[in-house]
Amino acid sequence: MLRMNKISKVFSTDLIETHALREFDLSVAEGEFVTVTGPSGSGKTTFLNIAGLLETFNSGEYFLDGEDVASLNDRQRSQLRNQKIGFIFQSFNLIPDLDLFDNVDVPLRYRGFSSAERKKRINYALERVGLAARAKHLPSQLSGGQQQRVAIARALAGEPRFLLADEPTGNLDSLMARQVMELLEEINSEGTTIVMVTHDPSLARRSQRNIQIIDGQVSDQQQLAQAV
Amino acid sequence: MFTYYCKLAWRHILQTPALSLLIIMAIALGIGASMTMISYYKAMAHNPAGDRSDKLHAVQLAAYGNDMETWGMSDGFPRQLTHQDVKNLREADLSFPSTPIYQFMTVIVSQREGVAPSNDYAGRFVDRDFFSMFDVKFLHGGPWSESVDEQPENQVVISKALSEWIFGEVNSVGKTFAMLDGIMQFTVAGVYEEFNPQPAYYDLTTGYFPREGAGVFAPYSLVEQLETFPMGNISGWQPEEVNGFKDILKSEYVWQVFWTQLDNEAAKAQYKEFLKGYVEQQRELGRFANQNPRGDIKDVETWLNYNEVISEDNRVMVGMSLLFLLVCLVNAVGLLLAKFMRKMNEAGVRRALGASKGQIFSQYLVEVGMLGFFGGLVGLLLASIGLWAVRELYGTDIARLDFSLFIGALLLSLLASLLTGILPALRVCNSNPSIFLKAQ
């Protein structure tokens, strides 16, 4: 599903060059649930942004679902991101002035679906996370756990094959974190590939494989369970 | 996607009402000021002669003496003519339609009950050709007969408004009323709808943009008989003893205008040749004793420019108003940047969810366009107020917002706002979304 060969990413200022990723190699198979851990500043988020086509890299190769992304222009990368990738963020990143229905609608708008198709998908996605009854509520009217479930519904509405989660339980209490994790596991069991950055070792242990990043390189990989 | 962008734009405008209002007002002030000046300029720059513009010609003569180097306008011609010259030009053996013009004020007595005589009606002495040359549209009757230009008769052509004021009806052809001294009777030969071209190119000596046109036209052949003093500019290049109207007629004072219709180049050449001969003839009679005696003809467009109907000040004002628009737009750029910076997070989320830079750019440009549209509407309101002030200030009836200016203002506002919005929209769409996704 994802293959990175010798990816390097350098952030340059006038005074200093920061090597966020150094000859970073990683492959993630279709249907796998991979967690990424590492200390702050190790390059986890840079890896996630490159994987999600939000940032470019300086050298190396990156194939997403067999497609070489280095040669794509912004429009093609956006299209690929819209069709194949779902994002879940630590701080949910829901648009505060849009109700839940319209929040879930955002990626579908850029996909060019008809109004009826969008409506069907939005209702299904919200039902899936148990929030269909609150479709007309604003994010501020929900708890943190509920907001993250809406963000998951938004990520799922376009039926992506690849889900990128950046510390999705970081802002939640343990009960809500467990609920969100169970939801992600359920999604993964249906065949969606998930790569999740986390600081929580207990959550990392629940994935099939844990990758530790230190100084922009994969320092350790642990096979924890058999992929679905 | 356009309707989706419009929906988002409207939502964003409502979310930041104060900032949005400031942006709208910045655009509106610029549009209001520039459209006021452009509308005023456009009205002044209008040539009401249309396709007759290059056929109608004002005649000028450098009819001064005493070996003066120059007199009158910058080209050495006075704008008006002496009565002697007008009389000679009228009597010249030429087949071109032509007419002299001078303005007078008259008392007119209404025949309706309870209506007091009015003494503020403007009239003009003209020849019969005036009505065809300047395209006066008749409702009833027509010009006086050709013979009246030679054998004076007390006939007049009056406006519809005047006919209604005197007789209480529009069709007053054949009826008589008292004019000038309030006793002398005149018969109505024709009634016209309204004649007040803006600018009043046919006679610029009494104001460029009169609120009301002439109410009555009388045969020029009556001038010597009626001895009606002109209402307008009278100039002279030498001291003269003038004790009455007859003295003015014989004087070298210039106070009338003379128009002739020359339909082609051959006619123009023929008339110029005639003027040359006329100047020579007058010189032999002891007149035109200046160093460069000559005659000239100017078509309507040239005549309007020559008389500086649009002054340099007006052009400067248009330029200043456009500069003011630029200043307003620069301010709007700053306000838009402030407004859009608050939406960086949302733009980052949208990018992560599949929006391309182009789509984000379009979304924000639609919002700017919507602000520009509202700015244009408010600007039109301000321009209407500005034009009302101009009309009140200068006492003219020109400079009103017509449909073309209405559409022009909205297009200018849209174009200006879109240009203004390019930088802020580019800033938003080119920002790195990952920074905002993590920072929120």
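With 228 residues, chain A has a radius of gyration of 17 Å, which agrees with the value near 17 Å for a compact globule; the radius is taken over C-alpha atoms, and the globule rule is 2.2 Å times the number of residues to the power 0.38. This is a predicted model, in which local features need pLDDT of at least 70 and side-chain atom pairs count only at pLDDT 80 or more, while totals for chains, interfaces and linings use all residues; side-chain values use heavy atoms, without hydrogens and water. Residues are numbered from 1 along each chain as its sequence is written, with chains lettered from A and ligands numbered from 1 in the order in which they are written.

Chain A contains seven helices and 10 strands, whereas chain B has 14 helices and 10 strands; helices (H or I, at least four residues) and strands (E, at least two) are DSSP runs, numbered from the N terminus. For chain B, the radius of gyration is 31 Å, well over the 22 Å that the rule gives for 440 residues, so this chain is more spread out than a compact globule.

| Chain | Span | Buried residues |
|---|---|---|
| Chain A | about 50 × 40 × 40 Å | 55% of 228 residues |
| Chain B | about 100 × 60 × 40 Å | 51% of 440 residues |

In soluble globular proteins, nonpolar side chains tend to be buried together. The largest nonpolar core here has 44 residues, and B:Ile108, B:Phe125, B:Ile158, B:Phe177, B:Met179 and B:Tyr271 touch the most other members. Helix H8 (residues 265-284) of chain B supplies the largest share of this core, five residues. A nonpolar core is a set of buried Ala, Val, Leu, Ile, Met, Phe, Trp, Tyr and Cys residues joined through side-chain atoms within 4.5 Å. Beyond residues up to four places away in sequence, B:Ile158 touches, among others, B:Phe167, B:Phe177, B:Val188 and B:Tyr192; contact means heavy atoms within 4.5 Å.

B:Asn307 lies in the loop between helix H9 (300-306) and helix H10 (312-341) of chain B. This residue counts as buried because its relative accessibility is 4%. B:Gly207 is 100 residues from B:Asn307 in sequence, yet their C-alpha atoms are 11 Å apart in space.

Definitions and conventions. Buried < 20%, exposed > 50% of the residue type's maximum accessible area, 1.4 Å probe, protein only.
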